[in-house]
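Please read them with the coordinates open.

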Amino acid sequence: MASPSFIFFFLFLCGFTSQVLTVSTDKTVKTYILRVDSHTKPSIFPTHYHWYASEFADPLAILHVYDTVFHGFSASLTQEQVSSISQHPSVLAVFEDRRRELHTTRSPQFLGLRNQRGLWSDSDYGSDVIVGVFDTGIWPERRSFSDKNLGPIPKRWKGICTPGEKFAASNCNRKLIGARFFIKGHEASGASSGVPPITMMNDTVEYRSPRDADGHGTHTASTAAGRYAFQASMGGYAAGIAKGVAPKARLAVYKVCWKDSGCFDSDILSAFDTAVSDGVDVISISIGGGDGISSPYYLDPIAIGAYGAASRGVFVSSSAGNEGPSAMTVTNLAPWLTTVGAGTIDRSFPAIVILGDGRKLSGVSLYAGAPLNGKMYPLIYPGKSGVFSASLCMENSLDANLVRGKIVICERGNSPRVAKGLVVKKAGGVGMILANGAYNGEGLVGDAHLLPACAVGADEGNLLKNYISSASNPTATIYFRGTQLGIKPAPVVASFSGRGPNGLNPEILKPDLIAPGVNILAAWTDAVGPTGLDSDARKTEFNILSGTSMACPHVSGAAALLKSAHPGWSPAAIRSAMMTTASVVDNRARPMTEESTGKPATPYDFGAGHLNLDRAMDPGLVFDITNDDYVNFLCAVGYGPKVIQVVTRIPANCPAKRPAPENLNYPSIAALFSGASAVGPSRKTFVRTVTNVGPNRSVYVARVEAPKGVTVTVKPTTLAFTAGVTKRSFVVTVTADTRNLVLDDSGAVFGSLSWSDGTHVVRSPIVVTQLNPL
């Protein structure tokens, strides 16, 4: 017989649900994420789920319940239901589910890692550190995920391997120790658009399981923590030993992205909740908005989930986005995230275009099929007719009678690079030259094309078009030169890499740093060919990809090594070690350049610099940040207690005097002046605190490289540490006459502050900019 309390609970649930979920005239159902004040749950409800199902939404409408990094739930609701629920006093925020995009084996050595000494050996290659990868899943049979000679799974691990389509629990091992998939938000999105969930996913090209149908997740996971794989290559390119940055770290895969349909915030937030509960040490998330637009932190589930993770000691590495080289395109801006841009490495895959008049143009390609053998073919530019779609070689835009038997010039943009080659091939073309426009400049990316093809920069593209216009019988051929090592200069900031300044809070410099993200060799799925096109039937164990998606897992693997070597370091300390030791020069010992123009790069391009792991292992000093510091930062940017609680889960008490956002203890300094002052020089003051993680008795001396036209002073100029004094604070004052300040093309001037004890150099970039300059 049911107890009276149970009967009361059942009647209360039914009565309140019928009251809230009234029938709406607008039948459109969408997925919403609701942030709920968990502390206000009535004691009558045994769990938060029972409370949510009673007072907020029909149980069948609830998709995810969040209780670790975030308190609340996601549900499929009508607008009327959302309006009603939003009035509930326990609801702190409601935001609509949003679709995200992926930010699509020499790189470890290029980071300064060596086999016999340094961080690899000192960290035991990241052994027993657990890296969680949020992506498209994994192809577990790859050699990169072998558990040979690995010890037992860490006892603290609480995760599982979720079986599903063509994926069994036995696919996990001592290397791949966890695998889950998150699909409820994805399916609800299809239902809300009128597509039944069962048919929304194309089951012929996707798996309802952690198995990777796309390839992106397999690539990022093996980049971060892949084992040694000998005789690795992609069609003969980049031949050698493939290995991840932390080869002995354990992997846990959280499939939140689905082939051809993206990643949904509600699923991503659930993955954060689960991964932290499972016990990961590092989270790698190569996902962002895809449009270069960033939401406020309290409306950004990646920022919210990452805060919950970081507040529990989990390092979160995120990609900076691929919308560069334009300014203010960097994404994933929260200061508790480590935001990673992309640079080149000292390896390239050159191709040479030879014109009928003998001129040679340089390009890149990963084409591995039958060569053209030096035969000259007619050269055509479909855009000469003035048809825009033809210039881009869009689907069904080419006239086969004009293209057949020719090499076709296609302009970059609007469709995938490899898809343009397929269009040319279908129209009977024998080859393609992919020409950059002015936006991409000279930034080149290699692709495993389905026909003889290569990419060339904007200058070469213009030369080709001029040649076609002036020659009576333009011809060309393409030579493919394989793999070339020792390329100089390198690193170079990739043209596509998201650029600063920070569009939300420019007081925090973003990106934080760059890492290898161009032409990276890593493991690949068997579900699709190297181009990712459905028509590409080729199989390859490894593939070569470019994007900040590829840069992010380099930093995730680096964090695993640092966590293994220094288990007591916080996520902020790990990031600080990477940033303050990053390199700002290339392999010619000259200042780094940026790819699209060839001009010197700035901290808006590369943040603190390029990751240098040998130095990061022993940084000397670190800038640490506590949870309270982040709360004060949120107070400083104008968030009220309830809004802060949306991010932090805990009600906040902001100081009576509003803090300055630039005084967050960040390893970089960004001075914003409001405009031209009529009364003389303007000043900004910054307070920073460093923690000594080097020898107990150390003395550091400051050295300033002031931005042009700016005065920078530091007090004190010497920091002395002992066994009993491990923290020291200092004050930086930046003074500028805004009436005469001459900014560069990026709208800022740049400098640096370095602390040195003779062995360590702890470098912080300084950015000075003027808002609304006259």
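**Notes on the predicted model**

1. Helix H14, spanning residues 458–470, contains 13 residues and reaches 18 Å from its first C-alpha to its last, which is close to the 18 Å expected at 1.5 Å a residue. Please keep in mind that this is a predicted model.

2. Within H14, the buried residues are Ala458, Gly461, Leu464, Lys465, Tyr467 and Ile468. An α-helix has 3.6 residues a turn, so residues three or four places apart point the same way.

3. As for the sheet, 7 strands form an open arrangement with parallel pairing, in the order E7-E10-E6-E13-E15-E16-E26. Its edge strands are E7 (176–181) and E26 (513–516), each of which pairs on one side only, and the twist averages 25 degrees from one strand to the next.

4. Strand E7 runs parallel to strand E10 (residues 250–255), and 5 bridges join the two; Arg180 has Tyr254 as its bridge partner in E10. Helix H9 (residues 265–278) packs on the sheet, where it touches strands E6 (130–135), E7, E10, E13 (282–285) and E15 (315–319), and the direction of H9 makes about 160 degrees with that of E13.

5. Leaving aside residues up to four places away in sequence, Thr602 touches Gly607, Asp744 and Phe750.

Key
Residues are numbered from 1 along each chain as its sequence is written. This is a predicted model: local features need pLDDT of at least 70, side-chain atom pairs count only at pLDDT 80 or more; totals for chains, interfaces and linings use all residues. Side-chain values use heavy atoms; hydrogens and water are left out. Helices (H or I, at least four residues) and strands (E, at least two) are DSSP runs, numbered from the N terminus. The expected span of a helix is 1.5 Å times one less than its number of residues. Buried means under 20% relative accessible area, exposed over 50%, partly exposed in between (1.4 Å probe, protein chains only). Contact means heavy atoms within 4.5 Å. Two strands pair if DSSP finds at least two bridges between them. Axes are lines fitted to C-alpha atoms, for helices over the stretch in contact, and angles run from 0 to 180 degrees between N-to-C directions.
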